[in-house]
Amino acid sequence: SQKKSKDVAVLASNTRYAETLELVAMCIAGYNGSNNPNSQAGAVWKRACESLLKRSDMRLDESARFKNRGAYLRAVCAFLIRASGKGDLKDTLDDECLSLSDRCA
């Protein structure tokens, strides 16, 4: 019974992660290099990326397994949001879940 509960939890976690991957893919596909946050399309795209960063499997306060597997997804979304407007990458550079060599690159 305990094993079955654990299996169900792992399956739910993997399903949510798969959904997150699909949403990140949509955010990446929607980026056109100049997503002006002042335009209607740019504002929708930016809100979608920001909402994605608020998902439980993308936040830093989750378990170590989720933090590590969401770190690079967070970095991609944060980079695209900052690249489409003015902003710095301090949060990404300070994210210890990313390898130091990746943060410096």
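User: Which residues make up the largest nonpolar core?

Analyst: In general, nonpolar side chains tend to be buried together in soluble globular proteins. In this predicted model, the largest nonpolar core has 11 residues in all. They are Tyr17, Val24, Cys27, Trp45, Cys49, Leu52, Met58, Leu73, Cys77, Leu80 and Ile81.

User: Which elements give two or more residues to this core?

Analyst: Three helices do: α1, α2 and α3 (64–83). Helix α3 gives the most, with 4 residues.

User: What share of the contacts joins residues at least 24 apart?

Analyst: Start with contacts between residues at least 6 apart in sequence. Of these, 56% join residues at least 24 apart.

User: And what share of the residues is buried?

Analyst: The protein chain has 105 residues, and 28% of them count as buried. Its accessible surface is about 7000 Å². Carbon and sulfur atoms hold 57% of that surface.

User: Let me look at α2. Which of its residues are buried?

Analyst: Gly42, Ala43, Trp45, Cys49 and Leu52 are buried there.

User: How do I check the length of α2 against what it should span?

Analyst: Compare the expected span with the distance between the end C-alpha atoms. Helix α2 has 14 residues. At 1.5 Å a residue it should span 20 Å, and its end C-alpha atoms are 20 Å apart, so the two agree.

User: How many aromatic pairs are there?

Analyst: The count is 1 aromatic pair. The partners are Tyr31 and Trp45, with ring centres 5.4 Å apart.

User: Why is the pair called tilted?

Analyst: Look at the angle between the ring planes. Under 30 degrees counts as stacked, and over 60 as edge-to-face. The planes of Tyr31 and Trp45 stand at 40 degrees, so the pair is tilted.

User: Where do the two residues of the pair sit in the chain?

Analyst: Tyr31 is in the loop between α1 (2–30) and α2 (40–53), and Trp45 is in helix α2. They are 14 residues apart, and the pair links distant parts of the chain.

User: Is Trp45 buried or exposed?

Analyst: The cut-off for buried is under 20% relative accessible area. Trp45 has 7%, so Trp45 is buried.

User: Now helix α4. Is Asp91 buried or exposed?

Analyst: Asp91 is found in helix α4 (residues 90–93). Its relative accessible area is 58%, so Asp91 is exposed. Asp91 and Phe79 are 12 residues apart in sequence, with their C-alpha atoms 9.9 Å apart.

User: Is Thr92 buried or exposed?

Analyst: Thr92 also lies in helix α4. Thr92 is buried, at 17%. Beyond four places in sequence, Thr92 touches Ala75, Ala78, Leu98 and Arg103.

User: What is the mean pLDDT of the protein chain?

Analyst: Where pLDDT is low, predicted coordinates should not be read in detail. Here the mean is 77, and 82% of the residues reach 70 or more. Among the elements, α3 has the lowest mean, 75. Helix α5 (residues 100–104) has the highest, 84.

How values were computed: Residues numbered from 1 in each chain as written. Predicted model: local features only at pLDDT ≥ 70, side-chain atom pairs only at ≥ 80, totals over all residues. Heavy atoms only, no water. Buried < 20%, exposed > 50% of the residue type's maximum accessible area, 1.4 Å probe, protein only. Contact = heavy atoms within 4.5 Å. Areas by Shrake-Rupley, 256 points an atom, 1.4 Å probe, with all protein chains shown as cover. Phe/Tyr/Trp six-rings, centres within 6.5 Å; stacked < 30°, edge-to-face > 60°. Expected span 1.5 Å × (residues − 1). Core = buried A, V, L, I, M, F, W, Y, C linked by side-chain atoms within 4.5 Å. pLDDT = per-residue confidence, 0-100.
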